[in-house]
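Here is a short tour to read alongside the coordinates. Have your viewer open and follow along.

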Amino acid sequence: MSLYYANELEALKRSGRYRSRSIDSGDVVDLASNDYLGLAHNAALRSLTCNDLAAYEIHAPKASMLVNGYHDIHRNFEAALCAANGFEAGVVLGSGFSANIAMIEALVRKGDALFIDASYHASGQLAARLVEGEVIVFAHNDPEDLRTKLFTCKAKRRIIAVEGIYSMEGDVCARAIFDLADECDALLIVDEAHSSGVIGPNLMGIFDHYAIAPRYNHIKMGTLGKAYGSFGAYILASEHIIDFLINRAKPIIYATAPSLFDTLLGHHALVYIQTHTPLLAAQIALNQALIKACLGLTCKGLIVPIAIGDNRRVLEIQAHLREAGYAVGAIRQPTVERAIIRLIARLGVPHERLSDALGHLAKLL
Ligand SMILES: Cc1ncc(COP(=O)(O)O)c(C=O)c1O
């Protein structure tokens, strides 16, 4: 048997970048996943979804939304998301990864320019390689660099892509970027994978956080695989943009419609967040205060990124914490430039366990 990729795999091992999958045995406390609100552990939401789904004739979408895969479950969730976030229209997708491919590949056309944050998620970076327009990378969360690049560009349409809370840095998108987009009439794509459900007085994300009423140039993408404790994604925008995406975005046209179970579970999660907002917001604030007390870090969301810079050292720290009973992320290249420990201070972890884990981490640093 030929080992076609032996050299590449060996190189990954030598540089400490080799990865493998393991099944979570459940014997350690999960401080690595993106289940920010603990909803993936919420058995009541699961039962509710199973019961509701049983009332329908089908449990799988069977076809693309443009054939006959579009279902009441999709439409109702889109309507609820629009109402909760103040957008005109929405479309659900199978995942956040395909939502980024869908939006960026379809919206950035010949003669257009995409301005993408240097730290934008890999799915957006991949999509940027598929577009026919110009791609301009701006310095991470830097409105001044973006301003310079925007105002020297002669493209027909300008499209900016940012994240609400950045997945690896944990920082919040600068408000000035929203103002800049309006000032030069650029479309603004906001990937809210890590901000929806976590920030804003209603926990709806970055628009809510800054009290920005969505405008015709705003596009919000959210994932269901993180705070919503499910799987899938959605895009919210003006009727006009959603109409265009439904007609041009390949992951919408050529993929089976999103899972009915996951979409319905996402809908129940939205209602749960809306009906438990003060409680969830208080628990988030409590965890953020604990992070500040133990590590001296101010976190706007629930991502605690610790810069380490050495691939082997992050793996050692991760192993020490595992021995102490805690799972955290050891994030290396190409996900980040320099290795970090990524701890998620998610809700549902008892306060004393989170405090103990943060204490262990502080000692290891
Ligand atoms: C910022 C960001 N966008 C998009 C995605 C992809 O979302 P999904 O996991 O739903 O495919 C992720 C997932 O890690 C992410 O962190």
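The protein is divided into domain 1 (18-43 + 276-364) and domain 2 (54-275), with bounds that come from an automatic or database domain assignment. Their centres, taken over C-alpha atoms, are separated by 26 Å. Domain 1 brings 24 residues to the contact and domain 2 brings 22 residues, where two residues are in contact if their C-beta atoms, placed from the backbone, lie within 7 Å.

On the side of domain 1 that touches domain 2, the elements giving two or more residues are helix H12 (277-295), strand S9 (303-307) and strand S12 (340-344). H12 supplies the largest share, four residues. Helices (H or I, at least four residues) and strands (E, at least two) are DSSP runs, numbered from the N terminus. By class, this side of domain 1 has 15 nonpolar, six polar and three charged residues; Ala, Val, Leu, Ile, Met, Phe, Trp, Tyr, Cys and Pro count as nonpolar, Asp, Glu, Lys and Arg as charged, and the others, Gly among them, as polar.

## How the model is read

This is a predicted model: local features need pLDDT of at least 70 and side-chain atom pairs count only at pLDDT 80 or more, while totals for chains, interfaces and linings use all residues. Residues are numbered from 1 along each chain as its sequence is written.

## The open sheet

Seven strands make up an open sheet of mixed pairing, in the order S2-S8-S7-S6-S5-S3-S4; two strands pair if DSSP finds at least two bridges between them. Strand S2 (89-93) and strand S4 (134-138) stand at the edges with a single partner strand each, so one side of each has no neighbour in the sheet. On average, neighbouring strands are turned by 20° against each other, direction ignored.

S2 and strand S8 (residues 233-237) run antiparallel and are joined by five bridges. Within that pair, glycine 90 has leucine 236 in S8 as its bridge partner.

Helix H4 packs on the sheet, touching S2, strand S3 (113-117), strand S5 (158-163), strand S6 (187-191), strand S7 (218-223) and S8, and its direction makes about 160° with that of S7. Axes are lines fitted to C-alpha atoms, for helices over the stretch in contact, and angles run from 0 to 180 degrees between N-to-C directions. Helix H6 (residues 143-151) also packs on the sheet, touching S3, S4 and S5, with its direction at about 155° to that of S4.

## Around the ligand

Which residues come nearest to the ligand? Of the 14 around it, they are Ser95, Gly96, Phe97, His121 and Ala193; a residue is near a molecule if its C-beta atom, placed from the backbone, lies within 6 Å of it. Helix H4 (residues 96-107) gives the most to this shell, with three residues. The shell divides into three nonpolar, nine polar and two charged residues.
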